[in-house]
Amino acid sequence: MSVFDRPSPEAQAAVDEAIRTRHSMRAFLPTPVPRETLEDLLRVAARAPSGTNTQPWQVHVLTGAALQRLSDRIMAVYNDPAALAEHQEEYAYYPREWTSPYIDRRRKVGWDLYGLLEITKGDKARMHAQHGRNYRFFDAPVGLIFSIDRVMQQGSWLDYGMFLENLMVAARGRGLHTCPQAAFTQFHRLIAEELQFAPEQMLVCGMALGYADPAAIENSLVTERASLDEFVRFLDT
């Protein structure tokens with residue numbers, strides 16, 4: 001199809017369905033994802049727009065022993081309070097001060113997830129264990145770590161978000177699921193060492209990728225979205 005052709009209704013519906021069914025999955029099957037599929041996904045995602053075609057994304061694809069080794073190193077620190085205290089995020093993903101409606105949405109999704117998992121308020125041990133599943137990539141067979149050159153500025157981070165969305169939507173088009181993970185940012189020094197980042201590379205985030213486990217209760221969570229009148233203004237005069 002030419003870039004100037006109007007997509008068929010079927011093609012439009014397929015794209016819309018991939019976007020609608022993209023959810024953050026937190027339990028995956030061990031089913032491997034072929035290398036060819038991963039390469040295909042990344043080629044498609046790389047069509048994301050970027051200012052003056054700078055293409056700031058760098059992707060580190062982990063499977064097998066490499067994925068296990070990184071997970072084990074992070075978990076050893078995560079489960080050691082003294083060691084964990086020495087690891088801080090390199091950049092602030094979330095606001096330093098929360099205000100409504102953002103804090104309300106954050107709390108709701110947290111308690112919706114914990115409710116499905118029957119984790120009660122104050123159960124710090126189970127909360128710790130559930131959060132720690134991030135560092136196992138929720139048992140996905142593929143872990144993705146994303147980095148960016150430190151010289152790049154805020155615009156390139158916006159571009160990066162479009163690349164990540166492309167990747168997640170393309171994955172859905174192939175029957176795969178993902179979970180984008182800012183949780184890895186706390187361990188940027190460890191990850192940079194393990195994956196042998198060049199000094200100029202900075203961690204952006206991680207992502208689990210694979211076939212979602214349909215029997216896992218946490219994968220039934222579908223987060224709410226604000227109505228258009230909460231975030232859209234139409235101006236025509």
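**Figure 1. Asparagine 53 sits in the loop between α2 and β1.** Helices (H or I, at least four residues) and strands (E, at least two) are DSSP runs, numbered from the N terminus. Phi of asparagine 53 is near 60°, a positive value in a residue that isn't glycine. This residue counts as exposed because its relative accessibility is 52%. Here, buried means under 20% relative accessible area, exposed means over 50%, and partly exposed is in between (1.4 Å probe, protein chains only). Keep in mind that this is a predicted model, where local features need pLDDT of at least 70 and side-chain atom pairs count only at pLDDT 80 or more, while totals for chains, interfaces and linings use all residues. Residues are numbered from 1 along each chain as its sequence is written, and side-chain values use heavy atoms, with hydrogens and water left out.

**Figure 2. Glutamate 118 also has a positive phi, of about 60°, although it is not a glycine.** Look for glutamate 118 in the loop between α5 and α6. With a relative accessible area of 64%, glutamate 118 is exposed.

**Figure 3. A cis peptide bond runs from serine 100 to proline 101.** Omega for this bond is near 10°. Proline 101 belongs to the loop between α4 and α5.

**Figure 4. Histidine 87 is in the loop between α4 (81-84) and α5.** Its relative accessibility is 9%, so histidine 87 counts as buried. What does histidine 87 touch, leaving aside its neighbours within four places in sequence? It is in contact with Val77, Gln186, Phe187, Arg189 and Leu190. Contact means heavy atoms within 4.5 Å.

**Figure 5. An open sheet of four strands has the order β1-β2-β4-β3.** The strands pair in the antiparallel sense; two strands pair if DSSP finds at least two bridges between them. At the edges are β1 (58-62) and β3 (177-181), and each pairs on one side only. On average, neighbouring strands of this sheet are turned by 25° against each other, direction ignored. Helix α2 (residues 35-45) packs on the sheet, where it touches β1, β2 (142-149) and β4. The direction of α2 makes about 165° with that of β1. For these angles, axes are lines fitted to C-alpha atoms, for helices over the stretch in contact, and the angles run from 0 to 180 degrees between N-to-C directions.

**Figure 6. β3 pairs with strand β4 (residues 201-210) over five bridges.** The pairing of β3 and β4 is antiparallel. Threonine 178 stands opposite leucine 209 in β4, and cysteine 179 has alanine 208 of β4 as its bridge partner. Four of the five residues of β3 are buried, so β3 is largely enclosed by the rest of the structure.

**Figure 7. Helix α6 (residues 124-132) has Met127, Gln130 and Gly132 buried.** Which helices do the buried residues of α6 pack against? They pack against α3 (64-78) and α5 (102-116). Not counting residues up to four places away in sequence, histidine 128 touches Tyr78 and Asn79. The side chains of histidine 128 and asparagine 79 are joined by a polar contact of 2.9 Å. A polar contact is a pair of N or O atoms within 3.5 Å; within protein, one must be able to donate a hydrogen and the other to accept it, and residues adjacent in sequence count only if both atoms are side-chain atoms.

**Figure 8. Glutamate 194 is found in helix α8 (residues 188-194).** Buried or exposed? Glutamate 194 counts as buried, because its relative accessibility is 16%. Not counting residues up to four places away in sequence, glutamate 194 touches Arg69, Leu70 and Arg73.

**Figure 9. Tryptophan 57 and phenylalanine 163 form a stacked ring pair.** Rings of Phe, Tyr and Trp (its six-membered ring) pair if their centres lie within 6.5 Å; planes under 30 degrees apart count as stacked, over 60 as edge-to-face and the rest as tilted. By this rule, the count comes to twelve aromatic pairs. The centres of tryptophan 57 and phenylalanine 163 are 4.7 Å apart and their planes are at 10°, so this pair is stacked. Tryptophan 57 is in the loop between α2 and β1, and phenylalanine 163 is in helix α7 (residues 154-173), 106 residues apart. Both residues are buried. Elsewhere, ring pairs link Tyr78, Tyr135, Phe137, Phe184 and Phe187 into a cluster.
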